[in-house]
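Welcome to a short tour of a structure, written for someone who would rather look at residues than read tables. Keep the viewer open as you go through the sections.

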Protein chains: 2
Amino acid sequence: MKVKITVTPKKAVFDPQGKAVQNALEHMGYQGIEAVHVGRYIEIDMDGDRETLRPQVDEACHRFLSNPVIEDYSFEIE
Amino acid sequence: MKVKITVTPKKAVFDPQGKAVQNALEHMGYQGIEAVHVGRYIEIDMDGDRETLRPQVDEACHRFLSNPVIEDYSFEIE
């Protein structure tokens with residue numbers, strides 16, 4: 001199955017990379033940009049069924065793939 | 001509207017970060033992992049409607065947010 005994980009900085013955490021992208025886009029003439037957040041995207045091809053994978057992936061995200069102090073994660077299994 | 005962009009290395013491009021994550025996960029005891037790809041996730045809050053945003057976002061992805069030589073991108077507008 002394909003597991004798609006996104007990890008983003010928590011809203012309360014300063015996101016200099018997002019701010020830099022926002023500034024660059026505005027500088028290039030794109031208008032109406034309110035906010036930009038930059039995070040990581042991780043795609044894992046794994047054997048197993050949805051029910052057994054879900055807790056495994058959740059644990060891996062929490063322990064290893066994100067820093068829960070400053071980042072949020074979400075994932076879907078397809 | 002919220003624009004969600006994922007940028008991933010093309011399948012033919014060597015992805016050392018993905019390989020490192022795969023090795024680490026296997027080392028931690030997760031089994032049945034076939035492949036891992038690590039990319040970027042960019043979320044943009046923008047004014048505008050879907051029809052005007054789509055070509056703008058596509059252009060921004062192509063020119064600036066990804067490197068089309070070695071990366072693929074996809075996005076959805078919500």
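Is the crossing of helix 2 of chain A and helix 1 of chain B left-handed or right-handed? The crossing of these two helices is right-handed. Please keep in mind throughout that this is a predicted model.

Who makes the contact? From helix 2 of chain A come A:Ala60, A:Phe64 and A:Leu65, and from helix 1 of chain B come B:Val21, B:Ala24 and B:Leu25. Sorted by class, the contact of helix 2 of chain A with helix 1 of chain B holds 6 nonpolar residues, no polar ones and no charged ones.

## Two residues of helix 1 in chain B

B:Leu25 sits in helix 1 of chain B. With a relative accessibility of 2%, B:Leu25 counts as buried, since the cut-off for buried is under 20%. Setting aside neighbours within four places in sequence, B:Leu25 is in contact with A:Ile44, A:Ala60 and A:Phe64 from chain A, and with B:Tyr30 and B:Ile33 from chain B. The C-alpha atoms of B:Leu25 and B:Val36 are separated by 9.8 Å, and the two residues are 11 residues apart along the chain.

B:Gln22 also lies in helix 1 of chain B. Its relative accessible area is 9%, so B:Gln22 is buried. Leaving out neighbours within four places in sequence, B:Gln22 is in contact with B:Ile33, B:Glu34, B:Ala35 and B:Val36.

Which strand holds B:Asp45? The answer is strand 2 of chain B, which spans residues 33–46. B:Asp45 has a relative accessible area of 16% and is buried. Apart from residues up to four places away in sequence, B:Asp45 touches A:Gly32, A:Ile33, A:Glu34, A:Ala35 and A:His37 of chain A, as well as B:Met1 and B:Lys2 of chain B.

With B:Lys2 there is also a polar contact: the side chains of B:Asp45 and B:Lys2 are joined at 3.4 Å. Along the chain, B:Asp45 and B:Ile77 are 32 residues apart, while their C-alpha atoms are separated by 9.8 Å.

## A serine in a loop

B:Ser66 belongs to the loop between helix 2 (50–65) and strand 3 (71–77) of chain B.

A polar atom of the B:Ser66 side chain lies 2.9 Å from the backbone oxygen of B:Cys61. Not counting residues up to four places away in sequence, B:Ser66 touches B:Val7, B:Arg40, B:Cys61, B:Glu71 and B:Tyr73.

Two more residues are worth a click. A:Thr52 is in helix 2 of chain A, and with a relative accessible area of 41% A:Thr52 is partly exposed. The side chain of A:Thr52 reaches the backbone oxygen of A:Asp49 at 3.0 Å.

A:Asp58 is found in helix 2 of chain A as well, and is partly exposed at a relative accessible area of 34%. Leaving aside neighbours within four places in sequence, A:Asp58 is in contact with A:Tyr73 and A:Phe75. The C-alpha atoms of A:Asp58 and A:Phe75 are 8.2 Å from each other, with the two residues 17 residues apart along the chain.

Conventions
Residues numbered from 1 in each chain as written. Chains lettered and ligands numbered in written order. Predicted model: local features only at pLDDT ≥ 70, side-chain atom pairs only at ≥ 80, totals over all residues. Heavy atoms only, no water. Helix = DSSP H or I, 4+ residues; strand = E, 2+ residues; numbered from the N terminus. Polar contact = N/O pair within 3.5 Å; in protein donor to acceptor, adjacent residues only side chain to side chain. Contact = heavy atoms within 4.5 Å. Left-handed = near helix turned anticlockwise from the far one by under 90°. Nonpolar A, V, L, I, M, F, W, Y, C, P; charged D, E, K, R; others polar. Buried < 20%, exposed > 50% of the residue type's maximum accessible area, 1.4 Å probe, protein only.
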